[in-house]
Amino acid sequence: MRDLEINMTPSAFHHNDPRLVLLVAGSGRRRDALRRCVWARLPGCRIEMADSYFDAMAQASHLPEHLLILDLSLDSVLVPALLRYLADAAPQAQVHVFDDSRDPLDENGQPALRDDSPAMALLRESLLAFAGGRPVDRAQRPLSGGDRAHP
């Protein structure tokens, strides 16, 4: 019984919330941090994972209304083209581009992914808008690739 409890994740439980989030994130650490933020704001929602922007393009056009969270750390150069594609192929997708390139760094020189970071605060705002049936702020969508350099 203990093994079963350890292996259970929120995605393994029945979803009573019709909202859907498609999450595209790099490392396991980043995925875990973004998933925790989503589940904290949208408990019971269904989270689908995509391993790349290309996987997200393939999935998004076949999904009902959903929030697509794109981790800009995967490849900031592709995001503008992806957003143009999604506008035509998946108009039911609301998009939040998660960009923590200017957030505080951890001891390894990586964005800290802290709950109180500016990028997490913007994600929370998008999640709350989506949960309330409001459009996600278009300002969350960059018009060009992000600057990965830290000041």
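The structure is a predicted model, in which local features require pLDDT of at least 70 and side-chain atom pairs count only at pLDDT 80 or more, whereas totals for chains, interfaces and linings use all residues. Residues are numbered from 1 along each chain as its sequence is written, and side-chain values use heavy atoms, with hydrogens and water left out.

The secondary structure of the chain comprises 5 helices and 4 strands, where helices (H or I, at least four residues) and strands (E, at least two) are DSSP runs numbered from the N terminus. Read from the N terminus, these elements follow the order α-β-α-β-α-β-α-β-α. Of the 151 residues in the chain, 39% are buried, a term that denotes under 20% relative accessible area, with exposed meaning over 50% and partly exposed lying in between (1.4 Å probe, protein chains only). Among the contacts in the chain with a separation of 6 or more, 73% come from residues 24 or more positions apart, a contact being defined by heavy atoms within 4.5 Å. The chain exposes about 8,300 Å², of which carbon and sulfur atoms supply 53%; accessible areas come from the Shrake-Rupley method with a 1.4 Å probe, and for residues only the protein chains shown count as cover.

The 4 strands form an open sheet in the order E2-E1-E3-E4, with parallel pairing; two strands are taken to pair if DSSP finds at least two bridges between them. Strand E2 (46-50) and E4 stand at the edges with a single partner strand each, so that one side of each is left without a neighbour in the sheet. From one strand to the next, the twist averages 20°. Strand E1 (residues 20-24) pairs with strand E3 (residues 66-71) in the parallel sense over 4 bridges, and in this pairing Val21 stands opposite Leu67 in E3. Helix H2 (residues 28-41) packs on the sheet, where H2 touches E1, E2, E3 and E4, and the direction of H2 makes about 160° with that of E2; axes are lines fitted to C-alpha atoms, for helices over the stretch in contact, and angles run from 0 to 180 degrees between N-to-C directions.

E1 also pairs with E2 in the parallel sense, over 5 bridges, and the bridge partner of Val21 in E2 is Ile47. E3 and E4 are joined, again in the parallel sense, over 6 bridges, with Leu68 opposite Val95 in E4. E1 is mostly covered, 5 of its 5 residues being buried: Leu20, Leu22 and Val24 point one way from this strand, while Val21 and Leu23 point the other way. E3 is likewise mostly covered, with 6 of its 6 residues buried, and here His66, Leu68 and Leu70 point one way, whereas Leu67, Ile69 and Asp71 point the other way.

The largest nonpolar core has 20 residues, and those with the most contacts inside it are Val21, Val38, Ile69, Phe98, Leu123 and Leu127; such a core is a set of buried Ala, Val, Leu, Ile, Met, Phe, Trp, Tyr and Cys residues joined through side-chain atoms within 4.5 Å. At least two residues of this core are supplied by each of E1, H2, E3 and H5, and H5 gives the most, with 5 residues. When residues up to four places away in sequence are not counted, Leu123 touches Leu34, Cys37, Ile69, His96 and Phe98. A second, separate core of 19 residues includes Val24, Ala60, Leu70 and Ala90.

Cys37 is buried at 7% relative accessibility, and Cys45 is buried at 1%. A search of the whole structure finds 0 disulfides, a disulfide being a pair of cysteine sulfur atoms within 2.5 Å.

Most residues other than glycine have a negative phi. Leu113, by contrast, has a positive phi, near 55°. Leu113 lies in the loop between strand E4 (93-98) and helix H5 (118-131), and this residue is buried, with a relative accessible area of 9%.
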